[in-house]
Amino acid sequence: MNAMSKPLDKPGIKLAAKPAEGSAGRRELIALAVVIAGLALAMEIGSRFTEDYILPSPVVVGRALIDLLTVDYMHVVITLGRLGMAIVFSLIVGVTIGLLMGTSKKAGPYLKSLVIIDTGIPALSWMLIAVFWFKDPEARIFFILTVILLPFYALNVYEGLRAIPRDWVDMMESFRPSRLQVMRYLIVPHIVPYIFLTTKSVIGYAIRMVIFAELVASAVGIGSRMSFAQSTFRIDQVMAWTFLLVILNLALQSAANLAEKRLLKWRAEAKVR
Amino acid sequence: MTNASQPFISLKNVYKQFGDYVAVDNLSMEVHRGEIVALLGRTGAGKSTVMSMLMGTIACDAGEVRVAGVDPCQEFDALRGKMAVSFQTDRLLPWRTAVENVELGLQILNRPKAETRRAALAWLERVKLKGTEDKYVHELSGGMRQRVSLARALAVDPELVFLDESFSQLDHVTSQVLRKDFAQIVRTYGKTCVFVTHRIEDALDIADRIFVLAAPARVCLELQVDAQLRADADVMSRLHDDIAHAIGGEEQEEGVHE
């Protein structure tokens, strides 16, 4: 690295060099593998002292998982499809609402009030309301996920807008841009990290919500299959589905991290000592 | 619009108040086309308020401000493409590379893509940053960033360039080199430049005329400086003392130093 591109260290903050990033990633992977192995071991030991319907061994759960993936894979696809559609829709509408909250003097206060009221309504209330309002299970699940996820995007984008430095706005204004140009060259690039942050934050929550919603409102999808496994006393299947959901969460988080790294490569990654 | 005999910038009896605080009091001054003019004063003298009024981002309460024949605040868009500003901090957008930051003004002026890239690369070369085109902001030093900021301002080929304490955050040597380079570019391309500074040496080094402002902003001393004067160390030293005296003799405390 030459002098020009050498990151400057500040007291208390150490800018990570590229090789350190790789080793940190490896350390995290190793830690994850150790934790999984530890949990599997604890499960194996526990299974020897309890009944199968209380705690099955990891091998039994593994077999159940293989069965589920070969027989019930369509339920995984359906759940992922619901999740993807709801996240994309919430992202688009939530970002638009967030932008309007921060830029429209007329509509902003009303939208902000609406979003804040929405955040105060428990997820369970929405689930019950959705059962009354919609006959179609797909509409129910889509509605539940959307009303829960959308405020996260709207509020975070709104905060992102408020965090735009006044200096940057003045700099843009000195070139006399149109409102559309301010949006394109300043606001949109500035809020992209906030959108990523929100997406990463809501993935785990969204998975939990879609499972709940499927449990309450649908006959297909992972949630409904978990309900079926519970009603037939198949704890191995419940655990297999749970394990699969954890894997799905990790995979989706990794995909979001990867996309973030590619799109936000301009950011200097800081590491606090 | 102006003709050659008219001042390019004029302020007549300008007054500006923020609440009870009077920031600008009966300020009158003129800047002619092709001049480099310094607005020099202590912190709080109202220099930046004057600059904001010239940029059109705030309106005066009384008096008249004209830039290139128009009121910069009332006719905000009339100065599109005619003026550019470089600020105290670089204000570069971190998601853009050096060359993309220089392109910003040209993109706002809807210049063709190829022309925009060509002009941005040429200006990066002129400010001695060839080879850093694809560096992101965090990969550049403070001096480099300020150079990119100057290139961004000059790339739109403005008739008028405003500098708001653009060199004051840099170390002495970098600041000296940068302002010399900047003055040379401005004179070569025949731009009109108004720059705000609290450092006497910045003003004496590159300005054709210096307006020394006392708080609230009003001209307490006006000086003409040329190459002949600059060559005479004794005269420059006397000018420095005159300015320091006009400012109020508290230059050390307020960061006004040589």
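Asn13(B) is in contact with Asn26(B), Ser28(B), Ala62(B) and Gly63(B), leaving aside its neighbours within four places in sequence. The model is a predicted one. Asn13(B) is found in strand S1 of chain B, which covers residues 9-18. Is this residue buried or exposed? Asn13(B) counts as exposed, because 12 C-beta neighbours lie inside 10 Å, and a residue is exposed at 12 or fewer. Now look along the chain to Asp181(B). Asn13(B) and Asp181(B) are 168 residues apart along the chain. Their C-alpha atoms are separated by 34 Å.

Strand S1 belongs to a sheet. In chain B, 3 strands form an open sheet in the order S2-S1-S4, and the pairing is antiparallel. Strand S2 (21-31) and strand S4 (62-67) of chain B are the edge strands, each pairing on one side only. From one strand to the next, the twist averages 25°. S1(B) and S4(B) are joined by 5 bridges in the antiparallel sense. One point to find on the model is Ile9(B), whose bridge partner in S4(B) is Val67(B).

Chain B holds another open sheet. Here 6 strands run in the order S5-S6-S7-S3-S8-S9, with mixed pairing. The edge strands are S5 and strand S9 (218-224) of chain B, and each pairs on one side only. The twist in this sheet averages 20° from one strand to the next.

Start with S6(B), which covers residues 160-164. How many of its 5 residues are buried? The count is 5 of 5, so the strand is largely enclosed by the rest of the structure. Its side chains can be sorted by direction. Leu160(B), Phe162(B) and Asp164(B) point one way from S6(B). Val161(B) and Leu163(B) point the other way. Residues on both sides are buried.

One is strand S5, residues 83-86 of chain B, which pairs with S6(B) in the parallel sense over 4 bridges. Within that pairing, Met83(B) has Leu160(B) as its bridge partner. The other is strand S7, residues 192-197 of chain B; 5 bridges join S6(B) to S7(B), and these strands run parallel. Across that pairing, Leu163(B) stands opposite Phe195(B) in S7(B). How does the chain get from S6(B) to S7(B), and what is the hand of the crossover? The path goes through helix H5 (residues 172-188) of chain B, and this β-α-β crossover is right-handed.

Move along the sheet to S3 and S8. Strand S3 (residues 36-41) of chain B and strand S8 (residues 209-214) of chain B run parallel, joined by 5 bridges. Val37(B) has its bridge partner in S8(B), namely Arg209(B).

Next comes the meeting of the two chains. Chain B gives 24 residues to the contact and chain A gives 17. Which elements of chain B give two or more residues to this side? They are S5 and helix H2 (98-108) of chain B. H2(B) provides the largest share of the side of chain B that touches chain A, with 4 residues.

Along its principal axes, the C-alpha trace spans about 70 × 55 × 30 Å. Of the 273 residues in chain A, 31% count as buried. Among contacts in chain A with a separation of 6 or more, 72% come from residues 24 or more positions apart.

Leu83(A) gives a local view of this chain. It is found in helix H3, residues 73-103 of chain A. Leu83(A) is buried because 23 other C-beta atoms lie within 10 Å, and the cut-off for buried is 20 or more. Leaving aside neighbours within four places in sequence, Leu83(A) is in contact with Ala206(A), Ile207(A) and Val210(A). Leu83(A) and Leu145(A) are 62 residues apart in sequence, yet 7.9 Å apart in space, C-alpha to C-alpha.

End with helix H6 of chain A, residues 137-162. At 1.5 Å a residue, its 26 residues should span 38 Å. The end C-alpha atoms are 38 Å apart, which agrees. H6(A) does bend, by about 25° at Val147(A). A proline, Pro151(A), follows within four residues. H6(A) is mostly covered, with 19 of its 26 residues buried.

Notes:
Residues numbered from 1 in each chain as written. Chains lettered and ligands numbered in written order. Predicted model: local features only at pLDDT ≥ 70, side-chain atom pairs only at ≥ 80, totals over all residues. Expected span 1.5 Å × (residues − 1). Bend = angle between axes of the 7 residues up to and from the residue. Contact = placed C-beta atoms within 7 Å. Pairing = 2+ DSSP bridges. Right-handed = clockwise from strand over helix to strand, strands pointing away. Axes fitted to C-alpha atoms, helices over the stretch in contact; angles between N-to-C directions.
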